[in-house]
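Please consult the sequence and the coordinates while reading.

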Amino acid sequence: MPTGLFLTFEGIDGSGKSTQARRLAEGLRALGHDVVLTREPGGSDGAEEIRTLLVSGDPSRWSPETEILLFTAARRDHLEKVIEPALNDGKIVISDRFADSTRVYQGAARGDLVTKVDALHDLMIGREPDMTFLIDMDPSAALARGLARNSGEDRFEDFGLDFQERLHAGFLMLAEAHPDRFHVIDGDQDETTIADQVAALAAARIG
Ligand code: TMP
């Protein structure tokens with residue numbers, strides 16, 4: 001059975017990772033690759049419904065433990081319905097966030113729950129990306145950019161700058177722990193420079 005390539009983008013809110021995920025998808029499609037661009041939370045019908053529960057409303061709406069269960073339920077549906085079928089068809093899947101976001105947002109930044117996040121991941125998901133691009137950005141600049149969007153999906157931004165700083169540190173620690181798949185990109189550069197760096201790394205991997 002052919003296996004595709006699973007690429008993910010990670011970063012704090014407002015880091016520009018969604019733009020970069022889209023640009024990489026467009027660039028690879030222009031080269032003739034079959035690409036599925038998707039996102040988390042969401043990416044499948046059921047997971048998009050769970051997304052609405054997670055990203056809006058009062059910051060205290062869910063405990064970190066409940067969030068881990070909701071994000072993992074959404075991820076399982078996304079994996080079954082979208083990611084695995086595409087990879088089994090030999091496609092390139094680009095996901096704007098995946099399990100590393102749960103490790104950092106719920107596991108590290110809001111209570112020391114990393115062990116539980118990893119245990120649930122092993123039990124219910126059991127897949128890691130082939131390559132992860134961490135778009136690393138100064139937390140205050142990223143937060144200002146994220147809030148300026150007025151997206152109505154600001155529940156995590158509403159935890160404030162201190163939370164974004166902990167996320168920033170958490171993502172860098174995770175990247176250090178998994179140098180085999182993480183590529184840390186300086187997100188304070190202009191959009192096209194970042195897109196070129198990401199494209200070069202992806203091209204080297206695709207061959
Ligand atoms: P987005 O803004 O990148 O679409 O993500 C929505 C929010 O959900 C964002 O603030 C990060 C948060 N999130 C988690 O807390 N845990 C997760 O596992 C994922 C995928 C996202």
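The model is predicted: local features need pLDDT of at least 70, side-chain atom pairs count only at pLDDT 80 or more, and totals for chains, interfaces and linings use all residues. Residues are numbered from 1 along each chain as its sequence is written, and side-chain values use heavy atoms, with hydrogens and water left out.

**Ligand shell**
- The ligand is surrounded by 14 residues, a residue being near if one of its heavy atoms lies within 4 Å.
- The closest are Asp13, Arg51, Arg97, Thr102 and Gln106.
- By class, the shell holds six charged, five nonpolar and three polar residues; Asp, Glu, Lys and Arg count as charged, Ala, Val, Leu, Ile, Met, Phe, Trp, Tyr, Cys and Pro as nonpolar, and the others, Gly among them, as polar.

- A ligand oxygen is 2.5 Å from an N or O atom in the Thr102 side chain.
- For Gln106, a polar side-chain atom lies 2.8 Å from an oxygen atom of the ligand.
- In the side chain of Arg75, an N or O atom is 3.2 Å from a ligand oxygen.
- The ligand taken alone exposes 470 Å², of which the protein buries 92% (Shrake-Rupley method, 1.4 Å probe).

**Elements around the ligand**
- Two or more shell residues come from each of helix H2 (45-55), helix H3 (64-88) and helix H4 (99-108); helices are DSSP runs (H or I) of at least four residues, and strands (E) of at least two, numbered from the N terminus.
- H4 gives the most, with four residues.

**Aromatic pair**
- Eight aromatic pairs are found in the whole structure, with ring centres within 6.5 Å; planes under 30 degrees apart count as stacked, over 60 as edge-to-face and the rest as tilted.
- The ring centres of Tyr105 and Phe156 are 5.7 Å apart and the planes are at 90 degrees, so this pair is edge-to-face.
- Because Tyr105 lies in helix H4 and Phe156 in the loop between helix H6 (139-148) and helix H7 (161-177), the pair ties together parts 51 residues apart in sequence.

**Backbone features**
- Glu40 and Pro41 are joined by a cis peptide bond, with omega about -10 degrees.
- Pro41 is placed in the loop between strand E2 (35-39) and H2.
- Arg97 has a positive phi, near 80 degrees, in a residue other than glycine.
- The loop between strand E3 (92-96) and H4 contains Arg97.

Terms used
A polar contact is a pair of N or O atoms within 3.5 Å; within protein, one must be able to donate a hydrogen and the other to accept it, and residues adjacent in sequence count only if both atoms are side-chain atoms. Rings of Phe, Tyr and Trp (its six-membered ring) pair if their centres lie within 6.5 Å; planes under 30 degrees apart count as stacked, over 60 as edge-to-face and the rest as tilted.
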